[in-house]
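Reader: I would like to go through this model with you. Could you take my questions as they come?

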Amino acid sequence: MPFFNKRVLMINDQFNYLSSGGHWRTINLAEGLNYLKYDVWLATPHLKFHIKELKKINVSNLIQKYNNNIINHLLNAVLPFRYALEKTKYKFVYLQLPMPITKGFCEFIFKFKFTPTVLDFGDLWGYKSYESIFATLHEAIASIIVQNATIVTAASNELANYLKRLSKRNVYVLNNSVDCINEFNPDLYSFDREKFGIPKEKLVIIYSGTISKSKGVHNIVRVAKNIPKDLLKELLFFIVGDGPYLNEMKINVKKLGLSNSFYFTGFVPREEIPKYLKLANLGIVSPSPIRGGLIKLAEYMAMGIIPIVPPNSW
């Protein structure tokens with residue numbers, strides 16, 4: 001078989017290998033395909049490169065260029081057009097761009113080259129939980145896109161079933177994964193609570209990820225506020241990560257007199273996250289109905305942490 005017949009292109013909006021996030025779903029799959037001797041190429045709307053070059057590229061070139069989400073979504077939909085115009089032939093193109101409409105537009109472009117495409121849904125970007133005209137419109141567009149896609153994959157059975165109900169077509173479940181041998185392996189890390197001044201007898205409840213209201217992290221503070229003081233003394237909420245809500249969260253914790261029950265690390269490189277997970281007893285999956293948390297769930301379970309999974313999370 002000619003080598004180009006095993007060449008695949010995997011497109012995401014960003015590949016920040018220093019931080020956690022849904023892009024690791026694409027990276028993990030790419031590494032698996034590379035192990036199986038596929039010629040794997042990754043691409044953002046701005047840059048295309050081989051999987052083996054990923055960690056040689058400055059992260060600033062692998063993230064979204066603008067703070068405005070509308071501009072980023074437009075670029076996500078339009079810029080990959082140039083990849084479809086290339087003479088390079090791919091066995092298939094994998095699209096894990098945020099927002100169904102960006103996935104659908106890109107797939108439409110590649111159909112002109114008769115290139116098989118895989119539309120992957122790691123989450124639904126929240127419109128399922130909203131009651132608004134925008135939500136209804138977004139869902140209608142997603143329905144059309146999913147119905148006309150070549151292959152559709154989803155990160156969980158519930159998400160797959162939702163897309164099936166939406167489109168009346170088959171959706172394949174492609175579960176998230178983590179490296180539980182070389183990375184998220186509790187045997188590789190020491191239980192060093194003293195370094196952080198955490199008493200061994202404390203029950204540590206960790207949240208690892210983006211600190212934003214879209215992730216429902218503010219709900220952690222609300223829950224802590226309602227815990228009886230005698231019980232709260234036995235707990236520590238260990239918040240690992242950075243994000244737009246971090247400073248406001250710290251202020252709210254202080255205002256409510258909860259400072260002794262919270263520990264904030266700020267930004268932590270992804271390769272360091274297992275060291276922090278090793279300190280925890282319980283792990284919070286995004287306490288919000290508007291985003292997924294399945295990679296986080298896999299990381300927690302690989303590290304031997306009991307996950308707390310809200311009913312509305314995927």
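Reader: How many positive and negative side chains does the protein have?
Author: The protein has 39 positive and 24 negative side chains, with Lys and Arg counted as positive, Asp and Glu as negative, and His and the chain ends not counted. The centres of the two sets lie 5 Å apart, each charge being placed at NZ of Lys, CZ of Arg, CG of Asp or CD of Glu. This is a predicted model, in which local features need pLDDT of at least 70 and side-chain atom pairs count only at pLDDT 80 or more, while totals for chains, interfaces and linings use all residues. Residues are numbered from 1 along each chain as its sequence is written, and side-chain values use heavy atoms, with hydrogens and water left out.

Reader: Which secondary structure is there?
Author: There are 11 helices and 12 strands, taken as DSSP runs (helices H or I, at least four residues; strands E, at least two) and numbered from the N terminus.

Reader: What share of the residues is buried?
Author: Of the 314 residues, 51% are buried, meaning under 20% relative accessible area with a 1.4 Å probe, protein chains only.

Reader: Turning to T115, where is it?
Author: T115 sits in the loop between α4 (100-111) and β5 (117-121).

Reader: Buried or exposed, and why?
Author: T115 counts as buried because its relative accessibility is 10%.

Reader: What is T115 in contact with?
Author: Apart from neighbours within four places in sequence, T115 is in contact with Y90, F92, V93 and F110 (heavy atoms within 4.5 Å).

Definitions and conventions:
Buried < 20%, exposed > 50% of the residue type's maximum accessible area, 1.4 Å probe, protein only.
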